[in-house]
Amino acid sequence: MEIVGEFYIKLKGVLAMINKISKVFFMSLSKNNVLNNGAKKWGLRLGASQVVAGITIQSMIETVRKLNEKGLVCTVDHLGEFVMNKEEATQSTNICIQTLEEIAKTKVKCNLSVKLTQLGLDIDKEFCFSNMIKIMEVAHRLDIFVRIDMEDYSRKEDTLDILAKLRKHYSNVGTVIQAYLHCAESDVSELEGVSLRLVKGAYNESEKVAFKDKEEINKNYLKIIEQHLMKGSYTAIATHDHYIIEKVKEFTKVNKISNSQFEFQMLYGFRTDLQEKLVKEGYTTRVYVPFGKDWYGYFMRRLAERPQNISFALKGFILK
Ligand SMILES: Cc1cc2nc3c(=O)[nH]c(=O)nc-3n(C[C@H](O)[C@H](O)[C@H](O)COP(=O)(O)OP(=O)(O)OC[C@H]3O[C@@H](n4cnc5c(N)ncnc54)[C@H](O)[C@@H]3O)c2cc1C
């Protein structure tokens, strides 16, 4: 028995190490500009088509339509990496506007997610804000909600600042708060009444600003979810974690929180079984649908997050 116990502990250690190495490996691949540029020429490869809804707005709309038929609603994200100049940021802004117009024209049940770095945040904050205003003007006219994704900690203050300025004019805009950050609880309380997507957090942050321990992150995640729900604010719980989802279902039942005050969100191609089950149970479930020729970095980050997803890549490799 003792030998089996020892073997199990060693095996766990080896698996944790492999997990860590593959995380670092895929994160570094995701930042490789040469591979990213190459990938634009390949088209969707390596199994990416299972988690990215094609290169064009038309292919994305087709995917959204199919998800809508299953009772799922969507939010779409035009993938973009390495925006280096104002011209590229303007192009991204225009694609967001075209996407909004196509959503309205085709009447799919879908809203828009955007990343401020794609709209020029790292180049010039005021310029980025003016691009957001252009997007919000169209979204407001077409009555479509816009969610500002949260990027790494170094961009958090600017993101919340731009959100606050936008909310003076538009109510159909919200953002994301990451539970791994120590400041998550105070940020959520500042944002009472704002529609928030709450997530565990996807970036590799320093322990000075973020919890590193999975249990601590889960604890803080449930805490901020309950905090926002109890304030009566609209809450999107974006996770594939069955344990968290069950806790939220339980909490909302006990506290008589209506299903119309919250929704679950998951990424396109992940836990499709669970997505459809939640719909059948009467919960609004939104699928985050990425599209566009810049699929490579997004796909590598998903592999880094959960190396088990490599099976997607292998299947894709064999199929191509
Ligand atoms: C819709 C959406 C939007 C997001 N937006 C942002 C954002 O703006 N900013 C940001 O920093 N992060 C964002 N994220 C990413 C998020 O922060 C997490 O990094 C990511 O969701 C992984 O954490 P998790 O909660 O899904 O569960 P994890 O902690 O990765 O997994 C917990 C458990 O869930 C189960 N599980 C997880 N994935 C799977 C799977 N594919 N198949 C089977 N079981 C699985 C397993 O049991 C696993 O042990 C977003 C995530 C989603 C779903």
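A residue is called buried when its relative accessible area is under 20%, exposed when it is over 50%, and partly exposed in between, using a 1.4 Å probe and protein chains only. By this criterion, buried residues make up 50% of the 320 residues in the protein chain. The structure is a predicted model, in which local features need a pLDDT of at least 70 and side-chain atom pairs count only at pLDDT 80 or more, while totals for chains, interfaces and linings use all residues. Residues are numbered from 1 along each chain as its sequence is written, and side-chain values use heavy atoms, with hydrogens and water left out.

Confidence comes next. The mean pLDDT (the predictor's confidence in each residue, from 0 to 100) of the protein chain is 89, and 81% of its residues reach 70 or more. Over residues 316-320, in contrast, the pLDDT is below 50, and this stretch has 6 contacts (heavy atoms within 4.5 Å) in the model beyond near neighbours in sequence. Where pLDDT is low, the predicted coordinates should not be read in detail.

The protein chain contains 12 helices and 8 strands, taken as DSSP runs (H or I of at least four residues for helices, E of at least two for strands) and numbered from the N terminus. Of the contacts in the protein chain with a separation of 6 or more, 72% are between residues 24 or more positions apart. The accessible surface of the protein chain, about 16300 Å², belongs to carbon and sulfur atoms for 56%; such areas come from the Shrake-Rupley method with a 1.4 Å probe, and for residues only the protein chains shown count as cover.

In β1 (residues 73-78), 6 of the 6 residues are buried, so the strand is largely enclosed by the rest of the structure. In a regular strand the side chains alternate between the two faces of the sheet. Here Val73, Thr75 and Asp77 point one way, Cys74, Val76 and His78 point the other way, and all are buried. Pairing of two strands requires at least two bridges found by DSSP. β1 pairs in the parallel sense with β8 (residues 285-291) over 6 bridges, and Cys74 stands opposite Val287 in β8. A parallel pairing over 4 bridges joins β1 to β2 (residues 110-114), where Ser113 stands opposite Asp77. Together with helix α4 (residues 86-106), β1 and β2 make a right-handed β-α-β unit; right-handed here describes a path from the first strand over the helix to the second that runs clockwise with the strands pointing away from the viewer.

His78 lies in β1 and counts as buried because its relative accessibility is 15%. Setting aside residues up to four places away in sequence, His78 touches Ile95, Gln118, Phe291 and Gly292.

Several loop residues complete the picture. Glu281, in the loop between α10 (272-280) and β8, counts as partly exposed because its relative accessibility is 35%. Its side chain is joined to that of Lys249 by a polar contact of 2.8 Å; within protein, such a contact is a pair of N or O atoms within 3.5 Å, one able to donate a hydrogen and the other to accept it, and residues adjacent in sequence count only if both atoms are side-chain atoms.

Most residues other than glycine have a negative phi. Asp143, not a glycine, has a positive phi of about 60°; Asp143 is found in the loop between α5 (125-142) and β3 (146-148) and, at 68% relative accessibility, counts as exposed. Arg271 also has a positive phi, near 50°.
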